[in-house]
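This document leads the reader through a structure step by step. Please keep the sequence and the model in view while reading.

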Amino acid sequence: MSISEIPLIKFENLTRDFGSIKAVDNLNLEVHEGEIIGLVCPNGAGKTTVIKMLAKILTPSRGRIFIRDKDNKLQDIATNPKNLHKSGFLIDIPNFYEGMTAYDLLKYFAKLQNYSKNKIDTRIDEV
Ligand SMILES: Nc1ncnc2c1ncn2[C@@H]1O[C@H](COP(=O)(O)OP(=O)(O)O)[C@@H](O)[C@H]1O
Ligand SMILES: [Mg+2]
């Protein structure tokens, strides 16, 4: 298989239930390099739930999500989430922690992302 045939993100039989509600029902989707994907469907169809599972905010009830690593191997994010550190998510309406300054907040997220400690302050000043 050539590199371009290996997807960057792969959703496999992805399913998520909330009690009796099936929010996501057996999604199979591949996202390839350079593609821009839009999930277009009515409210309540499960878009946010899919993205939350990709971000590992929610765990799938069934199925798997893979991300291609730097060696072009598909890694299950459940067992190998390292590639997620390079990902950014803006899900629905963002919430910020009250009582934190913009600076505190950026510092917090930089630490979560394992950003080099000695570069954090400089980078925050830049942005
Ligand atoms: N935390 C939750 N608990 C219970 N039901 C939920 C939860 N999150 C989403 N749902 C339900 O799952 C379905 C899909 O929701 P969602 O992923 O937010 O849809 P979309 O983003 O496409 O509008 C809806 O029926 C919604 O009410
Ligand atoms: Mg939504």
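The paragraphs below treat the domains, then the strands, and finally the surroundings of the ligand.

The model is predicted. Its chain is divided into two parts, with domain 1 covering residues 3-86 and domain 2 covering residues 96-127. A distance of 27 Å separates the C-alpha centres of domain 1 and domain 2.

The pairing of strands may be followed from strand E3, which spans residues 62-68. Strand E1, made of residues 9-18, runs antiparallel to E3 and is joined to it by five bridges. Within this pairing, Phe11 has Ile65 of E3 as its bridge partner. E3 also pairs with strand E4, residues 74-76, again in the antiparallel sense, and here there are three bridges. Phe66 is found opposite Asp76 of E4. Between E3 and E4 lie five residues, and the two strands form a hairpin. In its turn, Asn72 has a positive phi of about 60°.

Attention now passes to ligand 1. Which residues are around ligand 1? They are Phe18, Ile21, Ala23, Asn43, Gly44, Ala45, Gly46, Lys47, Thr48 and Thr49. Two elements, strand E2 (21-31) and helix H1 (47-54), each give two or more residues to this shell. The greatest contribution is that of H1, which supplies three residues.

Conventions:
Residues are numbered from 1 along each chain as its sequence is written. Chains are lettered from A and ligands numbered from 1 in the order in which they are written. This is a predicted model: local features need pLDDT of at least 70, side-chain atom pairs count only at pLDDT 80 or more; totals for chains, interfaces and linings use all residues. Domain bounds come from an automatic or database domain assignment. A residue is near a molecule or strand if its C-beta atom, placed from the backbone, lies within 6 Å of it. Helices (H or I, at least four residues) and strands (E, at least two) are DSSP runs, numbered from the N terminus. Two strands pair if DSSP finds at least two bridges between them.
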